[in-house]
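This briefing covers a single protein chain and a few of its residues. Please look over the sequence and the model before reading on.

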Amino acid sequence: MSKKLTVVTCPQCGASVEWGEQSPYRPFCSKKCQMIDFGTWANEENAIPGAPDMLDSDGWSEEHH
Ligand SMILES: [Zn+2]
């Protein structure tokens, strides 16, 4: 009997990753690669201008002389 093994390519480093329970971070090869990818889009989110935190800071005034 032949058990077909699905192998995908890690989007981060290009390593071969077996698609199965032995690869909990699929399609990434490891937690490290998963976190790198996660951090990439997280940074893009943070890069959005006009964050609410900046607008809601009391005590800041441009009219201070
Ligand atoms: Zn990888």
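Which pattern does the protein chain follow when read along the sequence? The pattern is β-β-α-α, made up of two strands and two helices. The model is predicted. Of the 65 residues in the protein chain, 5% count as buried.

**Chain overview**

- Among the contacts in the protein chain with a separation of 6 or more, 8% are between residues 24 or more positions apart.
- Strand β1 covers residues 7-9, while β2 spans 16-18 and α1 spans 31-46.

**Val8 in strand β1**

- Val8 belongs to strand β1.
- Is Val8 buried, partly exposed or exposed? Val8 is partly exposed because 15 other C-beta atoms lie within 10 Å, a count between the limits of 12 or fewer for exposed and 20 or more for buried.
- With neighbours within four places in sequence left aside, the contacts of Val8 are Val17, Trp19, Arg26 and Pro27.
- Trp19 is eleven residues from Val8 along the chain, and the C-alpha atoms of the two are separated by 6.5 Å.

- Most peptide bonds are trans.

**Gly14 in the loop between β1 and β2**

- Where is Gly14 found? Gly14 sits in the loop between β1 and β2.
- Gly14 has 10 other C-beta atoms within 10 Å and is therefore exposed, the limit for this class being 12 or fewer.
- A C-alpha separation of 8.8 Å is found between Gly14 and Phe28, which are 14 residues apart along the chain.

**Gln34 in helix α1**

- Gln34 is a residue of helix α1.
- Why is Gln34 partly exposed? There are 18 other C-beta atoms within 10 Å of Gln34, and a buried residue would need 20 or more.
- Which residues does Gln34 contact, leaving aside its neighbours within four places in sequence? Gln34 is in contact with Tyr25 and Phe28.
- Between Gln34 and Pro11, 23 residues apart along the chain, the C-alpha atoms are separated by 9.0 Å.

Methods
Residues are numbered from 1 along each chain as its sequence is written. This is a predicted model: local features need pLDDT of at least 70, side-chain atom pairs count only at pLDDT 80 or more; totals for chains, interfaces and linings use all residues. Helices (H or I, at least four residues) and strands (E, at least two) are DSSP runs, numbered from the N terminus. Two residues are in contact if their C-beta atoms, placed from the backbone, lie within 7 Å.
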